[in-house]
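Hello,

Here is the structure we spoke about handing over. Please open it alongside this note.

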Amino acid sequence: MHVGMVLRGAFPHDIRVEKEARSLLAGGHEVSLCCLAREDADEPLQEDVDGVDVRRVPRVERYSLPYRTAKTARFLLTLTDVVWRRELDAFVRETGVDALHVHDLPLVRTAQSVADDHDLPLVADLHENYPEAARQWRTGMGLPRRAVQEVFTPYRRLRRLERDCVRHADHVLATTPEGRTHYVEDCDADPDRVTVVSNTVDLRTYDTDADPVEGYDDEFVVGYVGSFGPHRGLESLVDAMPALVERVPNARLLLVGGAGDAAYDRSLRERAAATGVDERITFTGWVDASEVPRYVATCDVCAVPHARNPHTETTVPHKLFQYMASRKPVLVSDVAPLARVVTDADCGVVVPAGDGEAVAARLTDLAGDAARRARLGTNGRAAVEKTYNWEREGGQLDRVYRRLAGRDEERTPSTRRRTRRA
């Protein structure tokens, strides 16, 4: 099939999109991608990126202020984006794709209307439980921005959107078994049309033997790499530091990444300053994706301390599997997907979500037992090689499209349209 991916973001880089595209290309499919152009980069609106035909949508400067205002008003009323609808219609006509593959919930309804017009199957690739994720993101936002979002796109409305999109998509991709259960039981999705394609690591492209970042040789480094936000649970790592430094004086908390919202970033830094050991806490800011393996290599223990909520209970981040692939023992909170993976693989420790004292106690234990850290790291690598790897997940994705191709050949256009709208 010729798969038309849709991403409401820039490309490259998006880890999940890149892995999926490589797998589809390797399976003999063609891949075109409609994504946003960056505001601050001089990049062509169309180019080939490692075999992917990338078509970029210019930012809003293409559209007049009155048009953008009308577009925004219509989106708030219908949750359909007329700018993206126009772009996707042109994208389908120009590329001749056989299916639309939409990344994340906000553009699924818009893409579904285009898919219906062109009699195309639609795959909703839901990276996370979006309504619950939005609820968590908003807790860290400044008041004006949060108020606007809660008035115009309240939680209940996002839940209705999710349910409608999941029920009408030809296939849904979830990132965890727990997420799949949510779509089937809470959103009424057909179980036969929901497949788990997890955020596992591609061992062919992720550098698991990178050299560590210099300057941390004599420290016990606890690291987190990724975006910051209320649902990430980083507060528990910060809160653990006074007790950990008292017991392990050379302990260092290395926070690599940043927050999308300035208010949350400021609150986390203020929390670190209030610990009294902020000289043992390092905020690196955002680093280039190519540097991530080096920061992981620097750590003695890597953490995914997610807060417990309906969002984190249904998703798992790439970073967990990157840590494991790099032979790092991991500390995770006891939310379901994280605890399941770490317990099954015996590759780290599980602590109660939000419990800074428990974090400090378990890290103290690991700091004093290098042999245990090595064993847990070895177990994590073995689990990635056997189970939690992209070769396996890529095969799942290929089977989804081969099934769609076979089913689509057996149905007339009118049948396809009626089935999706039923």
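Predicted model: local features only at pLDDT ≥ 70, side-chain atom pairs only at ≥ 80, totals over all residues.

Residues are numbered from 1 along each chain as its sequence is written, and side-chain values use heavy atoms, with hydrogens and water left out.

The sheet

Helices (H or I, at least four residues) and strands (E, at least two) are DSSP runs, numbered from the N terminus. Two strands count as paired if DSSP finds at least two bridges between them. There is an open sheet of 8 strands with mixed pairing, in the order β3-β4-β2-β1-β5-β6-β7-β8. From one strand to the next, the twist averages 25°; axes are lines fitted to C-alpha atoms (for helices over the stretch in contact), and angles run from 0 to 180 degrees between N-to-C directions.

Helix α3 (residues 82-95) packs on this sheet and touches β1 (2-6), β2 (30-36), β4 and β5 (99-103), where contact means heavy atoms within 4.5 Å. The direction of α3 makes about 155° with that of β2.

Two of the pairings in detail: β3 and β4 (residues 52-57) are antiparallel over 4 bridges, with Glu47 bridged to Val54 in β4. β1 and β2 run parallel and are joined by 5 bridges; Gly4 has Ser32 in β2 as its bridge partner.

Burial

Buried means under 20% relative accessible area, exposed over 50%, and partly exposed in between (1.4 Å probe, protein chains only). In β2, 6 of the 7 residues are buried. Helix α12 (residues 318-325) is largely enclosed by the rest of the structure, because 8 of its 8 residues are buried; among them are His318, Lys319 and Phe321. Arg327, which follows α12, has a positive phi near 65°.

The cavity

A cavity is a set of points, on a 1 Å grid over the protein atoms alone, where a 1.4 Å probe fits but cannot get out; lining residues have an atom within 4 Å of a point. The structure holds 1 cavity of 30 Å³ or more. The largest cavity has a volume of about 40 Å³, volume being the space filled by probe spheres set on the points. Its lining includes His127, Glu128, His182 and Thr314. Helix α8 (residues 177-186) gives the most to that lining, with 3 residues.

Regards

How values were computed. 1 Å grid on protein atoms, 1.4 Å probe; cavity = no way out; pocket = protein on both sides within 12 Å on 5 of 7 lines; lining within 4 Å.
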